[in-house]
Every structure is written in structure tokens, then in C-alpha cells.
Amino acid sequence: MPEQLSQSQIDALLKKMSSGEADIQEDTKKAREYDFKSPKKFTKEQLKSLDSLHKTFSRMLASYFSGMLRTVCEVDVLQIEEQRYYEYNNALPDNSLTGLVSVKPKNKRYDDSTMMLDMSTSLGFYLIDRVLGGPGTGYNVDRNYTDIEIAILSNIFTKITQRIQDTWSNNLEIEAVLEGIETNARLLQVFAPEDIVAIVILSVKLGNRMDGTLSICLSAEFLEQVIDTFSLRFAHTTKRQDPQKEEAKKRLILENVCESNMEVKVIFDQLKLELRDIMQLQPDDVIPLGKPIDSDVMVTIGKVPWFTAKLGETKQKKAIKLQNILNNGEEVVQWEKRGTSS
């Protein structure tokens with residue numbers, strides 16, 4: 001128990017404090033601000049899952065840009081944050097380049113949603129210059145896009161949308177379709193101004209010349225429904241494949257296998273002889289076997305027994321007639337034991 005102060009000790013302590021002789025220790029802990037108007041909807045674990053998802057998307061996007069532009073490309077996730085939609089929309093420049101992507105989960109339990117892809121204008125002009133054969137130097141341009149440039153960028157955004165669909169399909173099967181491209185941020189009214197959205201900002205570095213950004217805006221309401229499907233505990237689930245694609249892949253493999261050459265042998269019987277007897281064998285010698293001439297023979301394919309057959313002739317040539325298909329090697333074992341004992 002702490003010692004209790006007497007009244008005289010309390011009076012002396014108050015006197016020192018009033019005169020400034022006593023040191024007063026202030027609380028150095030800083031309070032963290034919390035905006036009750038914009039409550040955080042996602043936990044750190046959920047944001048980490050979202051970060052892991054978009055790191056996979058970043059690798060696929062870097063591979064696509066590298067192959068299309070024939071230059072080294074690096075795409076990294078800079079940050080993921082939550083904010084009101086009007087804050088995100090007000091931060092967009094007047095000459096924006098934003099793709100609107102409709103997201104439709106194949107599982108009807110989840111609602112459809114819209115995703116926004118905002119690309120910096122310098123990155124857009126760089127892509128146009130490189131696609132049209134330029135060196136990629138004229139990207140610091142302050143003007144609107146022409147119709148031809150919009151058509152080129154629409155094709156690029158379509159390919160980016162396909163990468164988004166492939167990335168999400170590892171955990172949640174969706175259909176992502178590019179609905180269009182908007183170049184005026186003031187006309188974008190995808191969500192209500194007060195809606196919470198999740199913003200994923202990616203840095204894009206192309207070669208040694210270009211550094212741009214690509215931001216993805218996702219509805220928090222949609223993410224709350226589906227975020228558990230790509231949480232960390234499902235990170236290593238097997239990717240769901242299209243049954244038709246799987247069947248076509250199997251047919252292609254089977255066709256290639258059917259064109260390969262396999263050695264087919266027909267074995268009448270097997271027996272053991274001593275080495276001196278084998279060395280003394282001469283043409284026209286007779287080797288007695290332990291099987292009748294009309295017994296079944298063994299047909300092997302690639303040294304693996306597959307059929308039993310009967311010996312015969314057709315068109316003055318030796319031939320065999322397949323009888324039975326061997327299953328699980330049961331008949332193979334019986335035949336080998338019978339041949340060894342001969």
C-alpha cells in the first residue's frame with residue numbers, strides 16, 4: 001500500500017507547485033485522431049489480403065507492359081487507403097484518363113459493382129507514343145486525347161481489365177468488362193459522394209524514362225461482401241478452371257500422345273535355361289515349352305502387358321487375335337509365375 005500524505009505534506013506540496021519549485025510531469029502520449037464520419041471498414045488483415053491480391057495483379061500488369069512495349073517495366077503497390085468518394089473524385093485532375101469497369105461475380109450471392117481505373121495522363125501519352133512506334137519521349141503533354149488515341153487506350157484498358165479478371169478469378173470468379181473511358185473527372189458520378197471507397201495506388205516505371213501511377217477505386221460495400229473470399233487463408237487455393245478449356249486441353253494432349261510411336265511385342269512363353277545350354281544352341285535346335293500351341297500369348301506395349309491374344313494367320317502372314325484386356329496386372333502376375341516354373 002502506498003504511504004498516505006498528511007495534511008501538512010499536502011500543503012507543502014501545493015505551495016511548491018504554486019511557486020514553481022516542483023516539477024510537473026506532462027503526459028507525452030499523443031492521442032490518435034479518429035474520424036467518426038468516416039469509420040474504417042477493413043481490418044489490417046483484410047487490407048493485407050487486398051495488398052496481396054494487387055501485388056499479383058502488379059506482376060501480371062508488368063509482364064503485359066514489358067511484352068507490349070519491349071522495355072523493362074516495374075509495377076508496385078504504393079498504398080491502400082479508405083476515403084470518401086468525393087475526396088477521391090476531387091483529387092483527380094481535369095484531364096483525367098479513367099476506365100469504368102463493370103464487375104459481375106458469377107456467384108449470385110454477391111452484388112454487381114463498378115471499378116474505376118485512373119491512369120496518369122503522362123503514362124497514357126507515353127503508351128500511345130510507344131505503341132505507335134515512337135521513342136517514348138513526348139509524354140509531357142497538356143491537352144485532351146484525340147479519338148484515335150482514345151481507341152488505342154481502350155484496347156490497352158481492355159487488356160488490363162482481362163488481367164484484373166484473371167487475378168480475381170484465383171479466389172472469386174468474376175466477369176470484368178470495360179464499359180468505357182472518361183477523360184473528364186467532373187462527369188464521373190459512379191458512387192454517391194459520401195460512399196466509402198478503397199483506393200489502391202500502383203506505381204508504374206517503364207524503362208529509365210517514365211514514372212507514372214495507376215489507381216484503382218473499389219466500392220467498400222462490394223469489398224465487404226467478397227473480401228473474405230481472398231483472405232490469406234484462401235491464398236493457396238487451386239485456381240478454378242473452365243471445364244470446356246480443360247476438356248480441350250485433354251483432347252490436345254491425347255492427340256499428341258496418339259501420334260507417338262510405341263513398340264508392340266507378342267510373347268508366347270518364358271523359361272529359364274542354364275548359360276552352358278544357351279551357349280550350345282544351334283540352328284534347328286528344339287526348345288521344349290510348357291504351354292500348348294493353342295494357348296494365349298501376351299501382348300506388351302512399351303514393355304507393359306496390355307492384352308492376351310491367340311496366334312493365327314491372315315493373308316499368309318502371322319497374326320494375333322486380341323482376346324482380353326489385362327486389368328491391374330492380376331493376369332500378368334499369374335502368367336509370369338507359370339512361365340518361370342516351366
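Strands E3 and E6 pair in the antiparallel sense over four bridges, where pairing requires that DSSP finds at least two bridges between two strands. This is a predicted model, in which local features need pLDDT of at least 70 and side-chain atom pairs count only at pLDDT 80 or more, while totals for chains, interfaces and linings use all residues. Residues are numbered from 1 along each chain as its sequence is written, and side-chain values use heavy atoms, leaving out hydrogens and water. The protein chain contains nine helices and ten strands; these are DSSP runs numbered from the N terminus, helices being H or I of at least four residues and strands E of at least two.

- Asp118 lies in E3 and is buried, with a relative accessible area of 10%.
- The C-alpha atoms of Asp118 and Leu97 are separated by 5.7 Å, although the two residues are 21 apart along the chain.
- Leaving aside residues up to four places away in sequence, Asp118 touches Tyr88, Leu92, Ser96, Leu97, Thr98, Thr213, Leu214 and Ser215, a contact being heavy atoms within 4.5 Å.

- Helix H4 (residues 121–131) has Ser122, Leu123, Gly124, Phe125, Tyr126, Leu127 and Ile128 buried.
- The cover over these buried residues includes helices H2 (44–69) and H5 (147–168), together with strands E2 (95–105), E3 (113–119), E5 (196–206) and E6 (210–219).
- Just after H4, Gly133 takes a positive phi of about 95°.
- The largest nonpolar core has 53 residues, and those with the most contacts inside it are Phe65, Met115, Ile160, Trp168 and Leu206; such a core is a set of buried Ala, Val, Leu, Ile, Met, Phe, Trp, Tyr and Cys residues joined through side-chain atoms within 4.5 Å.
- Apart from it lies another core of eleven residues, among them Leu92, Phe191, Ile201 and Cys217.

**Salt bridges**

- The count comes to seven salt bridges, each defined as a side-chain nitrogen of Lys or Arg within 4 Å of a carboxyl oxygen of Asp or Glu.
- Asp51 and Lys55 form one of them (3.3 Å, N to O); because these residues are four apart in helix H2, about one helical turn separates them.
- Glu194 and Arg84 form another (3.7 Å, N to O), linking distant parts of the chain: Glu194 is in the loop between strand E4 (174–184) and E5, and Arg84 is in strand E1 (residues 73–84), 110 residues apart.
- Glu194 is partly exposed at 47% relative accessibility, whereas Arg84 is buried at 12%.
- Arg276 and Glu274 also meet in a salt bridge (2.8 Å, N to O).

**Surface and overall figures**

- Of the 342 residues of the protein chain, 34% count as buried.
- Among contacts between residues at least 6 apart in sequence, 67% join residues at least 24 apart.
- The accessible surface of the protein chain comes to about 23400 Å², of which 51% belongs to carbon and sulfur atoms (Shrake-Rupley method, 1.4 Å probe; for residues, only the protein chains shown count as cover).

Notes. Buried means under 20% relative accessible area, exposed over 50%, partly exposed in between (1.4 Å probe, protein chains only).
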